[in-house]
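Reader: I would like to learn how to read a model like this one, feature by feature. Could you take me through it?

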Amino acid sequence: MFPAELKIRNLSIRPATLLAPMAGVTDTIFRRVIRGLGGCGLIMTEFTSAEGVTRSAAKTLRYLYYDEDEHPIAAQLFGANPEVMATAAALVEDLGFDQVDINLGCPAKKVVKCGGSGLLKDLQQLGRIFDAVRAAVKIPLTIKMRSGWDEANIVAVEVARMAEQSGVEGIAVHPRTRMQGYSGQADWTVIARVKQAVKIPVIGNGDIRAPEDAERMLAETGCDAVMIGRTAATNPWIFRQMEQYFATGHYDQPSEADRYRLLSGYFRSLIAAELPDAIGKMKQFSCWFTHGVRNGGELRHEVHSARSPAEVLDRVDAFFAGAAEARGACGACTGPGLRSLYGLASLAKKRAEHFRG
Ligand SMILES: Cc1cc2nc3c(=O)[nH]c(=O)nc-3n(C[C@H](O)[C@H](O)[C@H](O)COP(=O)(O)O)c2cc1C
């Protein structure tokens with residue numbers, strides 16, 4: 001039975017599913033796409049530098065922007081200086097976040113020198129950070145960690161116990177080492193060991209690609225909730241699918257029309273937000289999302305060779321319009337599905353013409 005709720009002290013997370021923080025991906029626009037599709041209990045910001053926040057660097061503060069309809073929402077911070085982390089956490093609380101999370105997972109060279117998974121090699125410093133941040137905020141405090149620095153130094157259980165003693169109230173575990181990066185398989189037995197070692201909630205993360213994987217993770221580890229990262233970018237419907245699967249035993253796949261609406265809607269939101277890096281985000285998101293689209297390689301190529309955000313949108317529209325027409329012509333699609341795809345094709349065509357100008 002999948003847990004309907006995860007409680008981090010008095011914060012109710014329903015259902016017990018979380019969107020993993022992903023730098024460059026889980027900005028406010030993407031998070032709202034996930035919220036809109038439903039089934040996700042808690043969303044989180046991308047990791048945010050505590051040093052940047054305390055210097056009030058405009059670029060860093062942008063990572064902490066969220067809309068009211070994103071609640072419940074956690075902010076994730078990274079850093080290695082206890083006082084700076086405490087000040088940043090207090091700011092996060094003032095900004096109205098429901099929870100603050102400490103990043104102990106980032107493997108990037110630039111980050112491990114000043115936090116992230118680098119802290120898994122210095123547990124004394126980590127203890128000081130836990131104590132300082134705990135003293136600075138009243139909102140629930142969680143951590144998200146890898147299993148350790150390398151195979152010879154798996155410290156997840158030790159860190160979990162330490163965190164619990166310091167007043168941390170929930171632990172997400174991505175059971176790969178820093179040296180593994182994203183290679184190999186997540187070792188879910190580490191999640192099970194952490195769950196056995198502490199009383200606070202444990203959130204399992206790593207390699208959930210379908211609702212059946214979430215069910216298996218829960219059964220194999222006893223974790224209290226699941227967190228999903230990369231699959232949310234290839235299949236943003238995953239949370240809704242899990243909700244449906246756990247209620248009925250089956251789940252729907254998005255139609256081609258759903259995929260078109262999501263991609264063009266997301267891209268139009270990026271353009272409307274006037275983000276300086278909108279085209280980069282579009283190209284990055286396309287790399288993930290188009291894997292679920294028929295002839296996705298072609299669409300990826302179209303997006304990658306575009307020179308402006310408007311041109312990207314134009315090409316997305318033309319791609320789906322062409323796909324819908326091809327299917328209509330070969331008679332592979334019948335009934336209401338065909339009508340809705342034809343509707344989609346003409347809508348996409350109109351939009352393409354509009355952008356061509
Ligand atoms: C592009 C990308 C960016 C990420 N950024 C963060 C981050 O900012 N903070 C963090 O704790 N983990 C980050 N992660 C790790 C994910 O949150 C997650 O732990 C990892 O991808 C494993 O989960 P998954 O198999 O469901 O993707 C990132 C992962 C990816 C692929």
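Reader: Let me begin with Ser 56: is Ser 56 buried or exposed?

Author: The general idea is a neighbour count: a residue is buried if 20 or more other C-beta atoms lie within 10 Å of its own, exposed if 12 or fewer, and partly exposed in between, with C-beta atoms placed from the backbone. Ser 56 has 9 other C-beta atoms within 10 Å, so Ser 56 is exposed. Its place is in the loop between helix H2 (50-54) and H3, and its phi is near 55°, a positive value in a residue other than glycine. A word on the source: this is a predicted model, in which local features need pLDDT of at least 70 and side-chain atom pairs count only at pLDDT 80 or more, while totals for chains, interfaces and linings use all residues. Residues are numbered from 1 along each chain as its sequence is written.

Reader: Now the strands, please. Which strands pair with E6?

Author: Two strands pair if DSSP finds at least two bridges between them. Strand E5 (residues 73-78) is joined to E6 by four bridges, and the two run parallel; here Ala 75 has Val 100 as its bridge partner. E6 also pairs with strand E7 (residues 141-148) in the parallel sense, over five bridges, and Ile 102 is partnered by Ile 143. Five bridges join E4 to E5, again parallel, with Leu 77 in E5 as the partner of Thr 48.

Reader: What kind of unit do E5, helix H4 and E6 make?

Author: A crossover is right-handed if, with the strands pointing away from the viewer, the path from the first strand over the helix to the second runs clockwise. E5, helix H4 (residues 82-94) and E6 make a right-handed β-α-β unit.

Reader: Why is E6 described as largely enclosed by the rest of the structure?

Author: Six of the six residues of strand E6 (residues 99-104) are buried, so the strand is largely enclosed. Gln 99, Asp 101 and Asn 103 point one way, whereas Val 100, Ile 102 and Leu 104 point the other way.

Reader: And a helix? Which residues of H12 are buried?

Author: They are Arg 259, Tyr 260, Leu 263, Phe 267 and Leu 270. Seen down the axis of H12, these buried residues fall within an arc of 110°, so they line one face of the helix; the arc is that of the directions from the helix axis to the C-beta atoms. Leu 270 counts as buried because it has 23 C-beta neighbours inside 10 Å.

Reader: Last, the ligand: how many residues surround it?

Author: A residue is near a molecule if its C-beta atom, placed from the backbone, lies within 6 Å of it. Here 22 residues surround the ligand, and the closest are Ala 20, Phe 47, His 174, Gly 229 and Arg 230. Strand E4 (43-49) and helix H10 (230-234) each supply at least two residues of this shell.
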